[in-house]
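Reader: I am new to this structure and would like to know what the terms used for it rest on. Could we go through them one at a time?

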Amino acid sequence: MDKILVGLKRVVDYNVRVRVRHDGSGVDTDGVKMSINPFDEIALEEALRIKESGNATEVIVISVGSSAALQQLRTGLAMGADRAILVEVDEELDPLSCARVFKAIIDREKVDLVLLGKQAIDNDNSQTGQMLAAIWDRPQATFASEIVFDGDKARVTREVDIGLETIEIDLPAVITADLRLNEPRYVKLPDIMKAKKKTLEEIPLADLGIELGPAIKATAFEAPAERQRGIMVDDVAGLIAALKDKGLL
Amino acid sequence: MSKILIIAEHDGSVINPSTAKTIACAAEINGGEIVVAVFASSAASIAAEASKIDSVARVLTIERPENEHALAAVLAPQVAALAAGYSHVFGPSTTFGKDLLPRVAALLGVNQISDIMNVTSSHTFQRSIYAGNAVITVEAPADYVVVATVRTASYREAGSGNSAPIEAADATVEVPDYTRFVELKSGKTDRPDLQTAAKVVSGGRALASAENFDILYKLAEKLGAGVGASRAAVDAGYVPNEMQVGQTGKIIAPDLYMAIGISGAIQHLTGIKDAGTIVAINKDGEAPIFEVADIGLVGDLFKIVPELTDALP
């Protein structure tokens, strides 16, 4: 296989607890720490391992968003990606439009494998990979926990609700990474220096000539209903009594 | 009037309870006609179960050998073809629905709504984002088909006093053969299924090893409970991923949820926010899990859990 394309989404860091703005106009993300979506980081790690094992020659990272996402692409380059592409657009694109952007890049680059995270931890949609596979008319292997290559085929083990499902797919294909696919490497300082020499191409969205939408509109944001703090018991006897009280034992 | 196509989830012979929950959600759309589609190699027994579910107007069977296993690449073109004339296509937000419905939506040229937790109107729904830190109201464009997955923890199964007619539907759409099923290794145990169990016992990183989960299995057995885990416990390799409860695992709504040695990160709490009663057992009295627990007990889980297990009948 020649090229692997990996999508990196810039999202609010896993450890940040975001809040809905008081006026309900959205979620307050001003000044909070931003990171690569954790599942995308796993996807990139997998791509790097595939290349290191001799099964691919180039790993390209791509992000769709504002120039702020250059930070996440640079991290991707420091992790070991060969080059980066930013498709520049100021507003957040819907998953279908995002899939169309990836498809346009695939057509330009002749990509053999696309690795994405199984979901972004901001919008929690879990859609883009499946949508890309649909419009590309290629196989999808979502929620992957193991990938084994055999020529122009791959055997992918998927984390499904009742256990582990293995499917065989022909390449090219889209694979989305689940938690246990691997543990991403840490970036070392010399790698950050080396990454500065790598190519980072910026493409305005308009240059790709993509049809956008139809988007689903967000019309209101609310804070979730809070659960109330209950009672504390002192020991097992108290716990059993409280459970009996609620008719649960 | 809305015409809603529901894609049934099943294992080849038995319908999954997620289907009746998806139907319960669809039934909240005023004046909607609900049609259930069963894609299978042999659909009779599944269709018979589907026809009993309340609110269902008709059951369609699409039988062909390629439908023996639920492969999204194979099913999506068939669903997209069948969707002609429907205003909505719904499936459960299980790994089955999450794999399939976005692919269907893209073939239909629309975006998809993930994880509906509330219906406001035929084209307006609520869902949660940022691991449950915000609830968002979303509106699909009026002139497009609404493709969506339904958060099964937000709905109770629709009743089963119906006997809707069953019809065979056209099954001649061309499907790709570039995706092939190899095997399914089910982590099946005798314990109740995590997603439908009325009681769930869940363990976190504080369990400290895979072996120590045994004390939870013993407690679960006494309670007739399913067993779950936090992402931290899955990450540490104590239990398989299918036991993960939370934002990136399963979203559940048991009557009783016992969080044992779980600190209560927001990513975990979003998976249990619809639980009836939450019990927290943790040695750290300041753990955030106590903020949401209905019953809290501070102490050493390795002492409390065996004591509780012994005390139960």
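Author: Start with contacts: two residues are in contact if their C-beta atoms, placed from the backbone, lie within 7 Å. The model is a predicted one. In chain A, 68% of the contacts with a separation of 6 or more are between residues 24 or more positions apart. For chain B the corresponding share is 65%.

Reader: What makes up chain A, and how far does its trace reach?

Author: Chain A has six helices and 15 strands. Its C-alpha trace spans about 65 × 45 × 40 Å along the principal axes. Of its 249 residues, 46% are buried.

Reader: Why is Asp124(A) called partly exposed?

Author: A residue is buried with 20 or more other C-beta atoms within 10 Å of its own, and exposed with 12 or fewer. Asp124(A) has 18 C-beta neighbours inside 10 Å, so it counts as partly exposed. Asp124(A) is in the loop between S8 and helix H4 (128-136) of chain A. Its phi is positive, about 50 degrees, although Asp124(A) is not a glycine.

Reader: And Ser55(B): is it buried or exposed, and what makes it so?

Author: Ser55(B) has 20 other C-beta atoms within 10 Å, so it is buried. Ser55(B) also has a positive phi, about 80 degrees, without being a glycine. Its place is the loop between helix H2 (44-51) and strand S3 (56-63) of chain B.

Reader: Why is strand S1 (residues 3-7) of chain A called mostly covered?

Author: Five of the five residues of S1(A) are buried. On one side these are Lys3(A), Leu5(A) and Gly7(A), and on the other Ile4(A) and Val6(A), which leaves both faces covered.

Reader: How do you know that S1(A) pairs with strand S6 (residues 58-65) of chain A?

Author: Two strands pair if DSSP finds at least two bridges between them. Five bridges join S1(A) to S6(A), and the two strands run parallel. The bridge partner of Val6(A) in S6(A) is Val61(A). S1(A) also pairs with strand S8 (residues 113-117) of chain A, again in the parallel sense, over three bridges. In S8(A), Val6(A) stands opposite Leu115(A).

Reader: Which strands pair across the two chains?

Author: Strand S14 (residues 217-222) of chain A pairs with strand S8 (residues 134-139) of chain B; the sense is antiparallel, with five bridges. In that pairing, Lys217(A) has Glu139(B) as its bridge partner. Pro214(A) is in the loop between strand S13 (200-204) and S14 of chain A, and a cis peptide bond joins Gly213(A) to Pro214(A), with omega about 0 degrees.

Reader: How many residues of each chain are in contact with the other chain?

Author: 67 residues of chain A are in contact with 68 residues of chain B. Strand S11 (residues 163-170) of chain A gives the largest share of the chain A side, eight residues. That side has 35 nonpolar, 13 polar and 19 charged residues. Pro172(A), in the loop between S11 and strand S12 (173-177) of chain A, is joined to Leu171(A) by a cis peptide bond, with omega about 0 degrees.

Reader: What makes a set of residues a nonpolar core?

Author: Its members are buried residues of nonpolar kinds, joined through C-beta atoms within 7 Å. The largest such core has 124 residues, and Val6(A), Ile6(B), Ala37(B) and Val38(B) have the most contacts inside it. Helix H3 (residues 72-82) of chain B gives the most to this core, eight residues. Leaving out residues up to four places away in sequence, Ala37(B) touches several residues, including Leu5(B), Ile6(B), Leu60(B) and Leu82(B).

Reader: Where are the domains of chain B, and how far apart are their C-alpha centres?

Author: The domain assignment gives domain 1 (3-168) and domain 2 (199-311). Their C-alpha centres lie 31 Å apart. Seven residues of domain 1 are in contact with ten residues of domain 2.

Technical notes. Residues are numbered from 1 along each chain as its sequence is written. Chains are lettered from A and ligands numbered from 1 in the order in which they are written. This is a predicted model: local features need pLDDT of at least 70, side-chain atom pairs count only at pLDDT 80 or more; totals for chains, interfaces and linings use all residues. Helices (H or I, at least four residues) and strands (E, at least two) are DSSP runs, numbered from the N terminus. Ala, Val, Leu, Ile, Met, Phe, Trp, Tyr, Cys and Pro count as nonpolar, Asp, Glu, Lys and Arg as charged, and the others, Gly among them, as polar. Domain bounds come from an automatic or database domain assignment.
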